[in-house]
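Colleague: I have just opened this one and would like to get my bearings. Could you walk me through it?

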Amino acid sequence: MLGTYLWKKKLGLTALTALVLSSMVGAGVFSLPQNMAEIASPAALMIGWGITGVGILFLATALLFLSRLRPDLDGGIFTYAKEGFGELIGFCSAWGYWLCAVVANVSYLVIVFAALSFFTDKEGITIFGDGNTWQSLLGESVLLWLVHWLVLRGVQTAAGINKLATMAKLLPLGAFIILAAIAFKMDIFDLDFTGIELGVSVWQQVKDTMLITLWVFIGIEGAVVVSARAKKRKDVGIATMLAVAAALGIYILVTLLSLGLVPRPELAEIRNPSMANLMVGLIGSAGEIIIATGLIISVCGAYLSWTIMAAEVPFIASQHGSFPKIFGLQNGNNAPSSSLWLTNSAVQLSLVLIWLSGSNYNSLLAIASEMILLPYFLVGAFLLKVAFDRSNKGLLLIAVGACIYGLWLLYASGLMNLLLSVVLYAPGVIVFLYARRQNPQKHNLYPAEKLAIAALLITTIPAIWLLIK
């Protein structure tokens with residue numbers, strides 16, 4: 001739906017801003033209260049959001065400058081990495097981003113049916129559960145291929161639908177923030193302010209919040225990914241900054257106000273989407289319906305946005321010879337049909353695995369966040385290279401800030417998550433080598449590429465051993 005609009009028409013500032021905001025503000029915000037309370041105290045969250053706020057603004061500013069300094073690099077995330085650091089690094093950026101998008105789409109489908117369980121499940125009767133029952137799998141599969149079918153065939157009102165979905169998700173969020181501010185109790189907020197009951201230091205708590213705070217900002221690059229479709233190039237950066245500022249305000253208020261409604265240990269045990277349960281405490285049973293409905297609308301809007309972004313990056317990478325040529329095929333509506341088919345097939349397989357393993361939304365959060373770390377770091381690294389080439393101190397400051405934030409995320413994510421990302425990047429080597437074989441001009445690997453591939457594959461062995469240990 002959103003895809004056909006993007007592929008056929010040019011996007012103005014409002015549509016670009018809605019795309020970015022819709023991409024970021026999806027399922028995560030409705031589960032933020034529980035997600036954060038489970039791992040961090042109020043003190044740690046205030047520090048964590050401070051670091052994230054500064055870091056994400058550096059990243060957004062880096063995207064803004066690159067969209068203006070290098071307007072020739074349509075596609076953003078992938079093309080920045082490829083232009084700055086070569087074919088293999090560019091591929092890894094595209095591969096990591098694509099895997100992140102696949103997992104994000106899986107998580108959206110899972111959380112939709114977890115929200116529907118508020119309407120269907122009763123005590124002793126589980127239908128949709130946490131979005132991982134066989135009934136959920138069936139419903140998720142139907143929704144997945146329905147959206148796929150609509151995107152391939154085209155719905156001309158898609159832009160209006162996306163804008164309406166963005167507005168619709170902001171209404172229940174705004175209502176929650178206002179009501180939570182009215183009901184906020186400082187004595188509850190101050191209870192175990194530094195998280196002694198958690199048994200870890202405040203600094204460790206701050207580190208533990210990083211993948212979650214990053215998760216809710218994934219999608220910040222939405223306008224850059226589709227920059228080739230923008231009416232005005234300058235709108236790409238403006239849309240990104242507007243959406244980031246709005247999202248940051250929403251996330252901070254939702255997280256901190258929630259800790260003033262119920263004690264942190266109690267909040268950590270609430271099932272997701274936790275905002276629905278908090279809303280019940282604020283206005284009664286109607287609150288559950290309002291938040292669950294808002295979440296479903298919100299996630300569907302985000303799912304539309306991510307459907308296009310999940311297909312767009314492999315499509316662009318294929319045009320540059322970094323992904324196999326099959327990803328570059330389009331249908332009569334100029335939609336990247338092959339990329340959509342392959343992407344949604346991966347989503348379907350992942351849904352089956354979620355059902356078999358009994359995993360839930362929280363399990364997917366860490367995987368998606370980890371896979372986006374390298375692509376985001378490379379944005380700052382490429383701006384750093386541009387800044388040195390242009391001898392521009394202002395650009396250098398922004399680039400260093402974005403790089404430091406990227407390195408901080410890699411450090412804060414922890415060893416096990418880094419090992420997981422190594423294992424998930426390794427299969428991409430086969431895709432990369434196959435794409436190179438299809439391109440006679442790029443068939444031979446450079447020595448540095450051979451060394452990097454060998455290092456990745458060798459590292460995979462102990463990574464798998466440690467993960468299954």
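Colleague: Which residues lie nearest the centre of the second largest pocket, and how many line it?
Modeller: The lining consists of 22 residues, and I89, C92, L374, Y425 and L456 are those nearest the centre. On a 1 Å grid over the protein atoms alone, a pocket is an open set of points where a 1.4 Å probe fits, with protein on both sides within 12 Å along at least five of seven lines, and lining residues have an atom within 4 Å of a point. This is a predicted model, in which local features need pLDDT of at least 70 and side-chain atom pairs count only at pLDDT 80 or more, while totals for chains, interfaces and linings use all residues. Residues are numbered from 1 along each chain as its sequence is written, and side-chain values use heavy atoms, with hydrogens and water left out.

Colleague: What is the volume of that second largest pocket, and which helices supply at least two residues of the lining?
Modeller: The volume is about 390 Å³, where a volume is the space filled by probe spheres set on the grid points, joined across faces, edges and corners. At least two lining residues come from each of α6 (87–120), α17 (361–390), α19 (415–425), α20 (428–438) and α21 (447–468); helices here are DSSP runs (H or I, at least four residues), numbered from the N terminus.

Colleague: How do the lining residues divide into nonpolar, polar and charged?
Modeller: There are 18 nonpolar, three polar and one charged residue in that lining.

Colleague: Changing topic, how many helices and strands are there in the chain?
Modeller: The protein chain has 21 helices and zero strands, and of its 469 residues 58% count as buried (under 20% relative accessible area, with a 1.4 Å probe and protein chains only).

Colleague: Why is helix α3 described as largely enclosed?
Modeller: Because ten of the ten residues of α3 (residues 28–37) are buried, the helix is largely enclosed by the rest of the structure. Among them are V29, F30 and L32.

Colleague: What does V29 touch?
Modeller: Leaving out residues up to four places away in sequence, V29 touches L173, V216, I250, Y251, V254 and M275, a contact being heavy atoms within 4.5 Å. V29 is also one of the residues that touch the most other members of the largest nonpolar core, which has 136 residues; such a core is a set of buried Ala, Val, Leu, Ile, Met, Phe, Trp, Tyr and Cys residues joined through side-chain atoms within 4.5 Å.

Colleague: And W49, buried or exposed?
Modeller: W49, which lies in helix α4 (residues 42–69), is buried at 3% relative accessibility. Beyond four places in sequence, its contacts include L32, M36 and T213, and the C-alpha atoms of W49 and T213 are 7.4 Å apart although 164 residues separate them along the chain.

Colleague: Where is D192, and what is its phi?
Modeller: D192 sits in the loop between α9 (186–190) and α10 (202–215), and has a positive phi of about 50 degrees although it is not a glycine. Most residues other than glycine have a negative phi.

Technical notes
Ala, Val, Leu, Ile, Met, Phe, Trp, Tyr, Cys and Pro count as nonpolar, Asp, Glu, Lys and Arg as charged, and the others, Gly among them, as polar. Buried means under 20% relative accessible area, exposed over 50%, partly exposed in between (1.4 Å probe, protein chains only).
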